[in-house]
Structure formats: C-alpha cells, structure tokens
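Please read the following account alongside the sequence and the coordinates. It moves from confidence, through the fold of one chain, to the interface and a few individual residues.

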Amino acid sequence: MSLAVSLKHRFGTFRLDVDFEAPAGVTALYGRSGSGKTTMVNAVAGLLKPDAGIVSVDGVTLTDINAGLFVPPHKRRIGYVFQEPRLFPHLSVRSNLIYGARFAGLQDEREFDRIVGLLGIGTLLDRRPSKLSGGEKSRVALGRAILSKPRLLLMDEPLAALDEARKAEILPYFERLRDETGLPILYVSHSPAEVARLATTVVLVEDGRVAAIGAAAEVFSDPGAAHALGLREAGAVLTARIEAQEADGLTRLSTSAGPLLLPAVNGPPGTMVRVRLLAQDVMLATDKPSGISALNVLPARVRDIREGEGPGALVRLEAGDEIILARITRRSASALDLAPGRSVHAILKAVSIARESVGEI
Amino acid sequence: MTDWLTPEEWQAVALSLRVSLVATLFSLPLGIFVAYALARWRFPGHGLLNGLVHLPLVLPPVVTGYLLLLTFGRTGWIGGFLDGWFGLVFAFRWTGAALAAAIMAFPLMVRAIRLTIEAVDPKLEAAASTLGASRPWVFATITLPLILPGILAGSVLAFAKAMGEFGATITFVSSIPGQTQTMPSAIYALLQVPGGEAAVGRLVVIAVVIAMGALLLSEWIGRMVARRVGGA
C-alpha cells in the first residue's frame, strides 16, 4: 500500500496544508489536539471535501479537486474506526459486523469466524450494542470496519474514550490485527506510547502542517521534532530481544546498545519488543558511574547537541546501532564539556515498554 | 353491533375510519420526506416550507376549508386540472374529506417525525457510508428503523386528528349523509334535531373507544420498538 495525501483546507482561522506519502504498515498521524489530524482523516475517508488536494491509495485516485474528482465515501472502500464506536443501536452485534460485508461482495463465513476469533467477540454476537462494555464496543467497531474489506483502515483515536485498563485490553488486538491481516492502517493518536507501540511510520502534525515524517524511532529521537512532539514526549525507541526472565521479577533484554534490565516484560525468551526511552529519563555521565542505584548504564557517543531557548538541551547519542536522546540542562552540557564525538555513559532511570512482534524493523 | 347503531350512524363511523386511514397512509411518505428535509437540509425557502406546513395548525379551520374549496374545487386551479386529466374529484366527495383531514393533521405528523430525525446521530449515518452503504441504503437501514417510534407517534396523532376534523371538512365537502358525513359532522347534525341525544351518546362512546384504542396500540408498538432498539 502506498498512501499519498496532499490537502489544503481552511475553516475559520484554522488552515490545513499537508503533503505526505506513507508506505505500507501502520502510519501514525501524531500531534496535539486541534492540530488537524481528524480533518486529514475525514478528507481521506471522503467525509470532508477539502478546498484543494489529492488523495490516492495504492495508485487509485479518490480525490483530485482540480480534476473535479471526488469519490463518495461509500465507494472508497476505506474502513473507519471512529473515536466513539458508533455501533448501530437497533442491530445485533452480528448484524453490525456484517453490515459492510454485503457491499464488499460475497460474505465469507471463514473470514467472519477468523476476525471474530481474533477480536474475542464470539460470545457477544447476539447481544445489542447497549449491552456491551466500552472495550467490547471498541472491538466490535474494529471488527465491523475490517469485515467491510477495506483497502485502507483509518483509526481516529479509537482508544481515546477508554480508561487505561480498557486501553491495555484493546492494544494487543490492534497489534494482532496489524500483524495478522497486513491491512494498511492510518492511525490518529496523541498518545506517544500508542504510536511508539504500533506505528511503522510516524507523521508528526503541528498546526495544520507536517512537521516531520519517518520511522517511529527516527521521528521520536529527532531533536528538530521535539518541539512538535512536546519536550516531555521526545525520546528514543529501541528494538530489544527478551533474553531471560530473572527470579526477582526483572527481565533481561539485549539491544545493540547493550543489555537492559527492566521490570517484568511479558514474553518468552526470543520475543522482540520495542522499548521507549524518554529523553527526560536519560542521565549522562562522562566517567563510568559506580555506587549508583540505576541498573542500566549504556556506553554511548555524542552525535550532536541541540540547545533550545530555555535552559535545556537535547543530546543525541549513538549507542550500537541505536539512537538515544537525552534531555539535560545547558549548564550540565558545558560543565561536562559535551561535544560531538565525546564518549559518555547513558544512565536510564525508567522506561516504558512496547511489545512488538518478531521480525519487524 | 349494527343492532344498536342505525345505518346512518354506522355509515358515519365507517366513513370516518376510512377517511382517517386514507388521510394518514397517503400523507405519511410526504410527511417523512418533509420532516427529513426540514430536519437535515438547509435550502432557500426552508422557513417558508416550515411555515406552510404549520399553517393549518394556526389558521381557523373554516379558512383552511374555504381555501381548499378555492383550489381543489371543480373550478379551482388544482381541482380543475385533476378532474380534467385524472377524473379525480375532491369537492363534496369522501376523498375531499380525506384531503381536508390529511392537511389538518399534517403539521402534527411532521413535528413528531422531525423530532426523532433530529435525535438520530448523523455520525451513525456517516459510519454506515464508510462501510459502503449508499445514501438511500443508509436511510432505509439506519435512519428509518431509528425514527420508527416517531413515525408511529406521528401517524397515531394524525389519525386521531383526522377522526376529529370538523371545521375544514364541513366547509370543503359539506355534510352529505353516506357521502361526506363523518362522525363529528353526524354528531353535530344530530344535535340540531330534537331527540337526537341517544344517537349522539352512542357516537360519543365510539369516538372515545377508537381514540383510546389508537393510543394504547401506539404505546404497545412503541414499547416493542424500544425493546428491539435496546434503549441505546
């Protein structure tokens, strides 16, 4: 799949002017609320007609305003999972699920059973949507969109309305969906944790413009994108392999930057996971520290330093094949005499973990 | 049943039922369309259409009946056209009574249906369109089932209003026994002759029974629909 989007649209004082191309996999539109993400997705779905622009999926042009082309939403074959589940209240879960299938041609019983199994909603089929929990509704909405056999799936913050526990319940289904169906997905989110966990490509949106685009690991560790990301969210995404589960509840992982010890990462040895390291959780030392409580100390080399307007500085480090981002003060940077090429030790205080299937990246 | 009603009284009851039923059923498709247009579309003349629909509610019924006579009478511009081309005559026929009843009941029907259409979340319809449903299909499978309670309530209201319509009917089609004498016209006529109280009493009882029956029926169907929709 390739998705090419070029849009210009304005309502009131807000102006959207974006242009990006995304390869196969999960593409995340990431940005703050009000940055224009939902407008972009609605334009791709055909629910909004932009003032100007082009949308094409897999070489099929769906919108080309200059050429007078605007395919209506029901002929686009683009699935859409909205912020709210939007289940049809007068239909059973089963009827909701097969609503789109009749337009996609033959109903495939095996495909139905497979998706229902994948989402774990087999016991809900005869219920009404009003009798479902929030997490169950989200899964049914997801299944309904997949069963309409779309060529592209749009997801507009499908987890935003759920609490943390429900999010944790749904995310594994999204990951299975991504890995087992191979369906291209455009995923809107303002949660960096979700994006780091799911996305192949990240499109960073700021004030109606594309501020950065690239692989998740690149965009999150790009100091130039830090402002759009929000400084607190800047950080690296490492690929790691689970080596062993230790008796004290810690998990030993290996990365190309060195070994890591983290609290309980689920999965048997050999599982590949993504580890998100926030820049503000990384400390730097010029000498190898001793007598320190932090378990993870990775040798690294300074690649560059970007100083902001405030007292802070973002230091980009090379460690093995990985990039690590550290946020320190300018005062510390000059006190330690940091400069590109300098060897340092990165000390990791805390990390959040994103599990990922074997073989990706 | 015919034992305790005279043939004339029975005729009036049957005619009223027929007039009300025809008026309700024939105005329903137009009522749904107008309610949908008023609820969902913004177009020039929106306010004018809204006013026109509600006019019979605020005009004296006699005026409505007189206007009907002017336009739908045999020499009226619509009436003459329909008579000449289709042989369809309204003036002083039971069809005219049905037309008068339909027009008088129309605002009530449209209001009830419009309220439920406004309560349907357009987001559900957008979701259906992304699943591949064309607009007519979205209307048939999503909108229509969700507004069923409003259609039902509107129909019952319209039927009840049609059963009781008097002023416009008697002005437009007069009160010809067996032809255009509906139940209210019959009650009025009977009140004009001495000794008609017994007959009036019987007709009043029937009017109350029919009205109560319609209300109970609509409540029962409403409950069935609500259960089917699941109270979401």
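Chain A averages a pLDDT of 85, and 95% of its residues score at least 70, pLDDT being the predictor's confidence in each residue on a scale from 0 to 100. Over residues 355-361 of chain A the pLDDT stays under 50, and for this stretch the model has 11 contacts beyond four places in sequence, two residues being in contact if their C-beta atoms, placed from the backbone, lie within 7 Å. For chain B the mean pLDDT is 90, with 97% of its residues reaching 70 or more, and the model as a whole scores ipTM 0.81 and pTM 0.78. This is a predicted model, in which local features need pLDDT of at least 70 and side-chain atom pairs count only at pLDDT 80 or more, while totals for chains, interfaces and linings use all residues. Residues are numbered from 1 along each chain as its sequence is written, and chains are lettered from A, with ligands numbered from 1, in the order in which they are written.

Chain B has 10 helices and 0 strands, where helices (H or I, at least four residues) and strands (E, at least two) are DSSP runs numbered from the N terminus; read along the sequence, the pattern is accordingly α-α-α-α-α-α-α-α-α-α. Its C-alpha trace spans about 70 × 45 × 30 Å along the principal axes. Of the 232 residues of chain B, 39% count as buried, a residue being buried if 20 or more other C-beta atoms lie within 10 Å of its own, exposed if 12 or fewer, and partly exposed in between, with C-beta atoms placed from the backbone. Among the contacts in chain B with a separation of 6 or more, 75% come from residues 24 or more positions apart.

The UniProt record, an unreviewed entry, annotates residues 13-216 of chain B as "domain: ABC transmembrane type-1"; UniProt positions are given in the numbering used here, feature names are shortened, and annotations may be inferred rather than shown by experiment. In the model this span is 81% helix and 0% strand, and its end C-alpha atoms lie 20 Å apart.

Helix 5 of chain B (residues 94-119) has 26 residues and reaches 37 Å from its first C-alpha to its last, close to the 38 Å expected at 1.5 Å a residue, the expected span being 1.5 Å times one less than the number of residues. This helix bends by about 45° at Ala105(B), and Pro107(B) follows within four residues; the bend is the angle between axes fitted to the seven residues ending at a residue and the seven starting there. Because 20 of its 26 residues are buried, helix 5 of chain B is largely enclosed by the rest of the structure.

Turning to the interface, 22 residues of chain A are in contact with 18 residues of chain B. The largest share of the chain A side, 3 residues, comes from strand 7 (residues 78-81) of chain A. The residues on that side divide into 12 nonpolar, 6 polar and 4 charged, where Ala, Val, Leu, Ile, Met, Phe, Trp, Tyr, Cys and Pro count as nonpolar, Asp, Glu, Lys and Arg as charged, and the others, Gly among them, as polar.

Which elements do the buried residues of helix 6 of chain B pack against? These residues, Ala127(B), Ala128(B), Ser129(B) and Thr130(B), pack against helix 1 (37-45) and strand 7 of chain A together with helix 7 (135-164) of chain B. Just after helix 6 of chain B, Gly132(B) takes a positive phi of about 110°.

On the chain A side, Ala45(A) lies in helix 1 of chain A and is buried, with 23 other C-beta atoms within 10 Å. Leaving aside neighbours within four places in sequence, Ala45(A) is in contact with Pro73(A), Arg76(A), Ile78(A), Tyr80(A), Leu154(A) and Thr130(B).

Arg77(A), in the loop between strand 6 (69-70) and strand 7 of chain A, has a phi near 55°, a positive value in a residue other than glycine. Most residues other than glycine have a negative phi. Arg77(A) is buried, with 21 other C-beta atoms within 10 Å.
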